[in-house]
Amino acid sequence: MRAAVYERYGPPDVVELKELDKPVPKDDEVLIRVRATTVSSGDWRIRSLTIPRGFGLISRLIFGVSKPKQPILGTELAGVIESVGKAVTRFKPGDEVFASTGASMGCHAEYKCMPEGGVLVLKPTRLSLDEAAAISFGGTTALEFLRRAKTQRGDKVLINGASGSVGTAAVQLAKHFGAHVTGVCSGTNREFVLSIGADAVIDYTQEDFAKNGETYDIILDTAGTAPFARCKGSLKKGGRLLVVLGDLAALLQAPWVGLTTDKKVIAGPVTERVEDLRYLAKLAEAGEFKPVIDRRFPFEQIADAHRLVDSGHKKGNVVVTL
Ligand SMILES: NC(=O)c1ccc[n+]([C@@H]2O[C@H](COP(=O)([O-])OP(=O)(O)OC[C@H]3O[C@@H](n4cnc5c(N)ncnc54)[C@H](OP(=O)(O)O)[C@@H]3O)[C@@H](O)[C@H]2O)c1
């Protein structure tokens, strides 16, 4: 099978297509013929080791000290079950599925084995395989943070970085929870962010949301430009700052803010859960959640997909088709 392999940390050029052995499913595993995957901001960070301040050492310990331990990137996929191990009961050959492999990655390949009890569910019929491949990374991140903040009907929510993968999912999910949503993005993305459901948009190149006098129940920061020091005045009493992107200092500050102020900071990595994929699939089936695709690239051009992601200005998700 062909796989996109990187053997050293670096720019998009380190990714090359190589011929590898096709994996064989164990008794409790399914073999998936991957039809679509994404290049996410997570792939960019791990490929180039561009890690938020304070997390560099731990990242090298997890992903490989001098070179990558897992040479195949990709944390999400959609495809068709080709064969199943003899103990598998939940899936059968021909089933269309989508999945998240999280930090174990390995989705940038023509085939992937996963345990049937992994973060793997049937594809919603309403979505194409390309769209289903783009559900997990942004969707599960936005869902976990909005849930941890106990987002509810009537909350005023500001999403900083509303046009990216996590941001576009967060806008749609916050609207689903009944919130009033303000998206922050560049002016070129204003109409786009309104089109996915935001009630208002602030262009960060023209206006500083932290200085306009508005206050919010929840601020979700995917851009890393809204630390507590900047946005505490924009949070209502009891308000929550959701630090999707932050450095080690922001993580360590979180309990201190909770103890010393009437506000809360919620930070840290998310965990992939199969129930969350099922929840997102159900919303997608009901037409209440649709992953946004910026561009699709054929597998042969996966390095170009990495280049677009590296820009930090993609709209939603970048899909690679196989
Ligand atoms: N905590 C976790 O477990 C977790 C999970 C997933 C992702 N993340 C992190 O979350 C971050 C966002 O991920 P993503 O995939 O959504 O990234 P992305 O798709 O690249 O989107 C980033 C967005 O930030 C916006 N942006 C850039 N500069 C900005 C500024 N100064 N103010 C406001 N918005 C700005 C961009 O919008 P414009 O193009 O309009 O400028 C862009 O849409 C990544 O750094 C990733 O590492 C963390």
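Which backbone nitrogen does the side chain of Asp208 reach? That of Ala210, at 2.9 Å. Keep in mind that this is a predicted model.

Let me place Asp208 first. Asp208 sits in a loop, with β10 (200–203) on one side and β11 (216–221) on the other. Is Asp208 buried, exposed or partly exposed? Its relative accessibility is 26%, so Asp208 counts as partly exposed. The cut-offs here are under 20% for buried and over 50% for exposed. One more distance for this residue. Val184 is 24 residues away from Asp208 in sequence, yet the C-alpha to C-alpha distance is 9.5 Å.

Now the ligand. There are 27 residues around the ligand. The nearest are Arg45, Ser163, Ser186, Tyr204 and Lys314.

Ser163 places a side-chain N or O atom 2.7 Å from an oxygen atom of the ligand. Ser41 also uses its side chain: a polar atom there lies 2.8 Å from a ligand oxygen. With Val166, the backbone does the work: a polar backbone atom is 2.9 Å from an oxygen atom of the ligand. As for cover, the ligand on its own has 950 Å² of accessible area, and the protein covers 87% of that.

Where does the shell come from? Three helices, α1 (41–48), α4 (136–148) and α5 (165–176), each supply at least two residues. The largest share is from α4, with three residues.

Last, the make-up of that shell. By class, 15 residues are polar, ten are nonpolar and two are charged.

Notes. Residues are numbered from 1 along each chain as its sequence is written. This is a predicted model: local features need pLDDT of at least 70, side-chain atom pairs count only at pLDDT 80 or more; totals for chains, interfaces and linings use all residues. Side-chain values use heavy atoms; hydrogens and water are left out. Helices (H or I, at least four residues) and strands (E, at least two) are DSSP runs, numbered from the N terminus. Buried means under 20% relative accessible area, exposed over 50%, partly exposed in between (1.4 Å probe, protein chains only). A polar contact is a pair of N or O atoms within 3.5 Å; within protein, one must be able to donate a hydrogen and the other to accept it, and residues adjacent in sequence count only if both atoms are side-chain atoms. A residue is near a molecule or strand if one of its heavy atoms lies within 4 Å of it. Accessible areas come from the Shrake-Rupley method with a 1.4 Å probe; for residues, only the protein chains shown count as cover. Ala, Val, Leu, Ile, Met, Phe, Trp, Tyr, Cys and Pro count as nonpolar, Asp, Glu, Lys and Arg as charged, and the others, Gly among them, as polar.
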